[in-house]
Every structure is written in structure tokens, then in C-alpha cells.
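The following note sets out numbered remarks for a colleague who will read them beside the coordinates. Definitions are given where a term is used for the first time.

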Amino acid sequence: MKKFAVLSACVLFSAVASAQQIPSGQTSVSNPEDTRMKTLEDQVRTLAEEITLLRSELKDLREAKSGEPAASGRVLLASSHLEPGLLAASMPPSANASVAPDPALPQIAQTQTYGGATSNAKLLNPDISLIGDFIGTAGRNTVSPSRSLELHESEVGMQAIIDPYARADAFISFGETGVNVEEGYVTFTALPAGLLLRVGKMRAEFGKVNTIHNHALPFIDRPLATNNLVGGEDGIDDAGISLSRFLPGPKNWFLQGTAQVFRGDSSDVFTANRRQDVSVVGHIRGYRDLGESTNLDLGISYSRGHNNAGFGSTIINPSEFLTNLYAADATLRWKPLRRAIYHSFLFRTELFWSARDQLSPLNVFQTQHAFGLYSDAEYRVNRRWTVGGRFDRSGRATNASLTDTGFSGILTYWPSEFSQIRGQYRYGHLWDIPHDRFTNANELLFQFLFVMGAHGAHPF
Amino acid sequence: MRNAKLHARFTAFLAALALLCAVCPLPLGAAGKLNIMTATTDLAALAQEVGGDKVDVESVARGYQDPHFVEAKPSFLLKLRHADLLIVVGLELEIGWLPPLISQSTNPRIQVGAPGYFDASRFAKILEIPTGVVTRAEGDVHPLGNPHYWLDPENGLRIAKGIQTKLSEMRPNDAAYFAQRYDSFEQRIKQADQKWIAEMKPYAGRKIVTYHRSWPNFAEHFGLDVVGYVEPRPGIPPSPQHTVELIGLMKRDDVKVIVVEPYFDLKTPNAVARDTGGQVIVLMPSVGGEKEITDYFKLFDYDIAKLKQAFDTTK
């Protein structure tokens, strides 16, 4: 109705405009009646032409909006258009078999592609998503007990292309006790010499599990080794600058080197006592396809920063207390391409070494050398079910002689690719500091994950 | 003392990394030929038709792979970083895997919006653009329209025209060559399309069921009527209730042919076919789905031959 109203208004406007264009010289014609009739005829003809033109434009607009290309853009293959009953209804009567695509077609097609209300509403806005992570825990764990039921995290993601040279990603984590910018960085994608620069707050490229967001973990929790040695859930996650580049390597190997500098504050791993106490991370990744379905992913990582062990020390400068972390990771993946959504297998292991400077109970400067590892495997049984298991073993960064051990089994159900329901059994043989002894933890965890909006893909 | 030692070690590490970056320049692409990467094999086939021996073309996804779920392997980065042109399907088909590959490729030429980024959907006739409120209650719906648009020879020609224009912009000296290649393709695809339509004419209006919504453009072009889907919603695995409803629908409408893409499980389609006296056929949605489907023409040859056979045996 609105379009017809617009059309009518246009016609009216045209009529008025045409009326105003009557040449003044006509008044001097000898027969005023003939002149008037001629003028009226001209006006009617002009109006008819304009109406035809407007109708044609309106039709084109409607077709473009409904996903149908303009008539002129449709005539590509005469055979198909000449076939009655197939595409005849959409054929212009003057379809010509040899008509080539109209050069203007891309513009028309572009209009139809972006014609939906949803896409228009999204134009220039970032992709926004929210991932809810609800966790429930039952069983016994006196060492690191968690709540029975909690909305563990609601991660809001915003991702967008900033300009021709950069894109930005921000992930803000709303927990039950506060808000945390998990990551927020800009990536410069158009640098010379194959460099990739990232600036902001980000998860450090230290091993594998440190880079993974909570909702993308293969298990509900993180391995013991990351909890004991690499800062737990938040891990090495700090404000800084990251520079990476592909490196030349042996044939069929993908090599990438990454160097990162952070402020030096990451959970309980690193603490910057002074402005110059920055922490650094170096990572080299090697990847190779072993076949169409199988690949091997290897990495070594190093990180160094200051820790908080020297707080209050009057004997030694607090900035002398460093933590050096080393890690090696290996991942073997198998995913048959023809059945990728039904079956896949992944085995991963990560080894961590921590060398942490601290004061002994006798106030002697010492370095605790702790080691931790985890190995996990997951298998996609079918489109909806995944099973997995994980083995954990890790010393503690502050007391390497205390080694926690554990294992987990997990079952994941995928109602769709936008939600997951998981159940995990977790056993731990953990050192109980208050009681000064090892204790067993047996827990059942369950998790509901759900995705709202468009959450960008995570790096492989 | 110890601090100084560690500091020296770290400095050496960074220096070594910097040295590696400095002394190892990135290898350049093959001189003379345009290096084209495509998201899918169909786009690769079309680019090859137009580009001829002036281009090197490779696809990220394989023809028998579900293009929604391709792994963003680092090995693809090695190829993407040399690409002069990246041709994508668009309409969010590759949203789950291509964006990180593009941003990590360190190749400014193929970033979104750069001259080497080519969204083929801009040139194609797009069907099934949702209107009104779009939610995931409808499954993994594509808000910008159905991205399986290449399964229509007309769209193939439209995309080829777009590629010709793009290649001519990138290599003006070879514009005449690309125009000649396009003209040849246009002529051949028109002839082939006449043959395909003639072959499908006896089956015009035949009702079929497909696993996923991969075939609207194909069905429209060849006059088939897709009346149902094995998936209850796009991207949602078949449920018993929906399967029962589908069997009822097929019996009521006398539908005998179930079209399945090569990457879906045949268990449910086979069960439905047993109950309805129908037949399951695996059609290839992309070039390279089978060894003999080596180009865009053979894709339609293969699918139409399979369809004819199925229609003939289920009369």
C-alpha cells in the first residue's frame, strides 16, 4: 500500500511538473482549443510513459528485495528460460537466447543478498554472542570445592572488522561474582613481511589449553597441571603485544613463531612489582597433515615473569623472584572428511615445567622445580555423542614435592551445534594442606553450554 | 646474578626469533600466474574455466566434504598466504572456519573487503532468504539466504562472469584471454544446459525429499519439487518423530526419491526408503565429490544421470 501511495505521489508530482513545463509560447497559438487538446494529449502520453517506467522500477525493487534478480539479469541460459513450466513464469517475454549477463548484475545481486531485515540491522555492528556456562557439582572434594550449582560464566563476545587493516575481538566474562575482560584485542592483518600483530588483553600463546576459552574446553574443568602451574582458569591472560609470523620449515610442515610481551600480571603466576617487570612468552608451533584426515600439531613454549614470592622480603629485592615456565604440547587429530560431523578422534598431551623463585621456610632463596602433565583423548561416537578421558599429574608450583594426581571421564551430548550437555566424573588424589595429607576427591560435574548469536570460530 | 643470566637467555631467545623473521623472507607466489584459493571446489572449477592457464586454483574444502564444517587447519594458511584472490561462497556458509583462516593468513590481499576477496554470492541468484524474525528455532538457518546456490548452471554462469571481471581487473593485459575463456564457457554451459533440461523434462514436477536444504537452486532450475527434508530443521539430526512424519508425507504425496549429500549418514534415509518403497540416491553437491566429477559440467552430468535412473526405477 505504501508503495502504491508513493507511486501515486510520484505520478501526481510528475503531473504537476509536466503541467509546469507547458511552453509559454503555446499561448500565442491561433486555436486555443486545439492547443489545449494537444497539450493534454502530450501530458497523458508523458504520464503513461512515466507510469510505465515507475512500474518497471517498482517491480525491479520488489524482485530485488524478495531475492529475485531483475528481469534483465535473469536471462542467462535461454534453454532453461524457454522451458515452459520450469522457469517460464519468471521469464520476460522478450528473452533472448544469446543475451549475456548484464554487467550491472553484480549490483543487483548485491542488493538481493543484503536485502533481509536481519542483515540490514547487523550492518556495521559487530557479531555479538553470549555463551552461557552452567555448572553443577556433586560429590566430595575438600581441597578445591566448587559450588553445587552456578552460572559459572556468561561470556559475551563481540567481533568485527575495524578497518581494511585490522579486526577486533572482545570477550567479556560475567561471572557470579564479577566481570572480567577475558580478552580484548585488535589484530593487524595487513602488515608487511607476513607479520601478524595483536595488541590488547589476550590469552598467551603458551601451550594449548591456556589459549582455549572455558566453553571450548574438551572437559568441564581445566587440567590439574594448569591449575597448579599455569594460573588455573584464567591462566596467562594479560595485557600486552603479540607478534607472530610463519617460519620456513621442512616440506609439508607449517611452522609459526610467536613472541609476546605482557604487563606481567597473570593470576597467581606472574606479578609485576615494578613497571619494568614485564612477562614474556615465546611459542613455536609445528603442524603437519599426515593424511587427508589425520594431522599432527606440536608446540614448545616458554614464559618468564616476576612472581609475588618476594613480597615483604627485606633480604632480597622482590624483583629478583622470577618464574620460568616451559611447556611442550602434542596433538593428534583424526577426522574423516566424508563423515566429519559423525566421527572424530583427538589425543592431546601437554607437559609443563615450572621453575619458581621463592623463599624457603628458613628464608633461604630457592627455586622450586615442578613438573606437570595431562593427556586427554576424545572420540566423537556419532553426531550427538562424544566420550573422552583425561589423566592428570602435577606437582605444585610452590612445593614441587607435592604431586596431585587425577583422572576424568566425560560424556557430551550435542542437541545442536549451539548447545552441549555434559557429564564428567572426576577423581583426584590431592594434597590437603590444612590436614597435611593426601585426600581423595570423587565428584560428578555436569554442564549446560548454550550459544546465543554469532560466535566466531576459534583458531584451530 | 641469576636474574641477569635469565635476562640474557630471554634476550637471546627473542633475538633468535627476530633473526628468523628477518632472514627468512616469505616465498612469493608463482610469477606470472594468479594464485587463486577458493572455499569450495565448485568455485575452483569456475575460476579454472575462466582463468585457464593464467591461474593456479585450489580449493580449501573437498568436494565430498560438508562445506559447513571444514577444519581451519594451519596447512591451509600456507596456501592462503600466497593467494592473490580468495573466492568464497559467502552467505555465512563458511562462518565456522574461514574467518580465522583469513585473519591469520597474514595476507592483506585477501582480507575481507580487500581487492583479492571475492564473494561469489554477490553475483548469484539467492533463494530462501528468510523474512521476518529469524531465530535458531528454525535450526542453523542462514539469514542471508541459502548458500548452496552454485547448483544452478545459471548461477554458475553469473559467477563466472564476475570472476572474469575480477581477473580482468587484476590482470588487464590478460583481459582478452579471460573474455575469450568466459565466452567459451558461456557457449558450452548453454549447450550443456539445454541437454540437461531436455533430459530432465520428462521428470518435471517430480517430488523429492532431500536430507539437507542443499538443492533449492537445482530443484528450481530443473523443475523438481522438494517436499520434505530428512533433517527436521537445517543442521538438526533426524528425530524419530520427524522421521515418522516424513514417512507419512512421502506416502501421502507418493514421493519415491530421497536425495542425500555424500557427507550424511544413510541410516535414516534408508529406513525411510524401506518404509515408503522409495530409493535413496547420493547426489554430489560439489565438484570432486566423486573422482569422475572433475569439472562443473560433470557435476550436473553426474547428478542428472543419477536422478534419471532413480526416477525411472521408482515410477
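1. In this predicted model, 30 residues of domain 1 of chain B are in contact with 29 residues of domain 2 of chain B; contact requires C-beta atoms, placed from the backbone, within 7 Å. Domain 1 covers 34-194 and domain 2 covers 195-313, with bounds that come from an automatic or database domain assignment. The C-alpha centres of the two domains are 24 Å apart.

2. On the side of domain 1 of chain B that touches domain 2, the elements giving two or more residues are helix 2 (41-51), helix 5 (153-170) and helix 6 (175-200) of chain B. Helices (H or I, at least four residues) and strands (E, at least two) are DSSP runs numbered from the N terminus. Helix 2 of chain B contributes the most to that side, namely five residues. By class, the residues of that side are nine nonpolar, 11 polar and 10 charged; Ala, Val, Leu, Ile, Met, Phe, Trp, Tyr, Cys and Pro count as nonpolar, Asp, Glu, Lys and Arg as charged, and the others, Gly among them, as polar.

3. As to conventions, residues are numbered from 1 along each chain as its sequence is written, and chains are lettered from A and ligands numbered from 1 in the order in which they are written. Because the model is predicted, local features need pLDDT of at least 70 and side-chain atom pairs count only at pLDDT 80 or more, whereas totals for chains, interfaces and linings use all residues.

4. Chain B contains an open, parallel sheet of four strands in the order 2-1-3-4, where pairing requires at least two DSSP bridges between two strands. Strand 3 (residues 85-88) of chain B runs parallel to strand 4 of chain B, joined by three bridges; B:Val88 has B:Asp119 as its bridge partner in strand 4. Helix 2 of chain B packs on the sheet, touching strand 1 (34-38), strand 2 and strand 3 of chain B, and its direction makes about 170 degrees with that of strand 2. Axes are lines fitted to C-alpha atoms, for helices over the stretch in contact, and angles run from 0 to 180 degrees between N-to-C directions.

5. A further open sheet of four strands in chain B has the order 6-5-7-8 with parallel pairing. Strand 6 (225-229) and strand 8 (279-282) of chain B are its edge strands. Helix 8 (residues 240-253) of chain B lies across strand 5 and strand 6 of chain B, at about 150 degrees to strand 6.

6. Which residues touch the most other members of the largest nonpolar core? They are B:Ala47 and B:Ile87, in a core of 92 residues. Such a core is a set of buried Ala, Val, Leu, Ile, Met, Phe, Trp, Tyr and Cys residues joined through C-beta atoms within 7 Å. Helix 6 of chain B gives the most to this core, with seven residues.

7. A:Gly240 is located in strand 6 (residues 237-247) of chain A. A:Gly240 counts as buried because it has 23 C-beta neighbours inside 10 Å; the cut-offs are 20 or more other C-beta atoms within 10 Å for buried, 12 or fewer for exposed, and in between for partly exposed, with C-beta atoms placed from the backbone.

Notes: Two residues are in contact if their C-beta atoms, placed from the backbone, lie within 7 Å.
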